[in-house]
Every structure is written in C-alpha cells, then in structure tokens.
Amino acid sequence: GAGVSQSPSNKVTEKGKDVELRCDPISGHTALYWYRQSLGQGLEFLIYFQGNSAPDKSGLPSDRFSAERTGGSVSTLTIQRTQQEDSAVYLCASSFGGSSETQYFGPGTRLLVL
Amino acid sequence: DAKTTQPPSMDCAEGRAANLPCNHSTISGNEYVYWYRQIHSQGPQYIIHGLKNNETNEMASLIITEDRKSSTLILPHATLRDTAVYYCIVRVLNNDYKLSFGAGTTVTVRA
C-alpha cells in the first residue's frame, strides 16, 4: 500500500522567507511525527500528533516553527522567517495507533535556505 | 548516553548473508530492539523489531541473545540495494516515541 508521502521533495528558499512542508500519513494511521535531520547529524524530534489529543510540541526549536494537522490526516509544518541553520531534511513519520507503535517514515523534504 | 553500540562500517559481498551486530548491554526488560536503515538521500526505513524471541520477516531476521544484551540483524542475501546506514535502537513501547538514531553501521554491499 501507499507509504508516507511528503511534498515538496526539495525546497530552496531565501533567508527570511516562510516555507510550508506537507505530510500525508499512511491511511488509517492516527499518529504523526515530524523530525529533522541535518547533514551528518542524527534524528531530531520536532512534534507529535495523536488523534484529537494536544500535540507534543516540545521538540520545536523556536517559535518560528509551527505545525498543524487538519482532519486527523494531513499535516503541515511551517517555518517562518527561515534562517540558514534551518537547512536540513525534514522527515515525517506515522504510526497506527499511539506512541507505542512502529513509526514509518516518508522520503523527507530537503530544505536549503540561502 | 548511547544505549546501543554498533560497528561504524562493514562490507558485504553481493549474494552473501550480512550479519550486523548490535550491543545493548544496559537494555531494560521492557525495551524492544528496533532496526531501521537509511539508504542515501531517502527517509529511514523500518526493518524489524523484537523483544526476546528471534524474529523474521520478508526483509531480515533478528537474533537476540538469551540475556538480551546483544542482537544480530541478518540480511540473508545482500544485494547492492541493501547498501545503507543501519540503525539499531532500543525503545519502550509506551510513550517512548521520540526516536533518535546513533551513528549506525554503514553497510556497503559490493558486487
């Protein structure tokens, strides 16, 4: 079946611009996660959505980052006033059920801030 | 504090079995062993997980020692497409959802 999809696959933007990254989770998965992975760095947790519960935003690095999940499915990660240090691969994952389930990752969005 | 230890790299011949070790000597009784891999420029891919019994699926086998302090991921017939970084992690299946990967093992499958 279809896996997690993300768009765009690549994004180049200028410093100070806003960007929106989209994630379509696997159908039927109620939990959705955002991570980022910088060059040569490990996985950095950003935010977790589970059903109608309040999201865990503890990993968002600054108030320029926000995310929403509409209708319990598609999620959008927004970065306002992008900075060069925001350049990274942004990964979305989803799982069936809650936090104890196996997470399946999308292909990622490669963001480059010039 | 690293919960798992893996060799930084290993080579494998195409068509042969690849055996990837992982040490997790401080694993707790309620922690599962998970394996993911990440092919260059792609997102992490789930491979397999287990608690204490050996597990097998269409991708790989997971052998966990009786004391659970180490495990081995086996790719039975490695292909060039298996070249990737392989990550072994341990996690509790209860609110332990912030995954983090260590350096992993870079596996290069050679023709």
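For these notes, contact means heavy atoms within 4.5 Å. I'm working on a predicted model, where local features need pLDDT of at least 70 and side-chain atom pairs count only at pLDDT 80 or more, while totals for chains, interfaces and linings use all residues. Residues are numbered from 1 along each chain as its sequence is written, chains are lettered from A and ligands numbered from 1 in the order written, and side-chain values use heavy atoms, without hydrogens and water.

**Interface**

I looked up the contacts first: 19 residues of chain B touch 20 residues of chain A. The two chains bury about 1,500 Å² between them, 51% of it on carbon and sulfur atoms (accessible area, 1.4 Å probe, lost on putting the parts together and summed over both).

I then checked charges and found one salt bridge between the chains (a Lys or Arg side-chain nitrogen within 4 Å of an Asp or Glu carboxyl oxygen). It joins A:D56 and B:K98, at 3.7 Å, N to O. On the chain B side, β3 (31-38), β4 (45-50) and β8 (84-92) each supply at least two residues; strands here are DSSP runs of E, at least two residues, numbered from the N terminus. β3(B) gives the most, with three residues.

**Sheet in chain B**

Next I traced an open, antiparallel sheet of four strands in chain B, with the order β2-β7-β6-β5 (strands pair if DSSP finds at least two bridges between them). β2 (18-23) and β5 (55-56) of chain B are at the edges with a single partner strand each, so one side of each has no neighbour in the sheet. I followed β2(B) along β7 (70-75) of chain B and got six antiparallel bridges. In β7(B), B:T72 is the bridge partner of B:P21.
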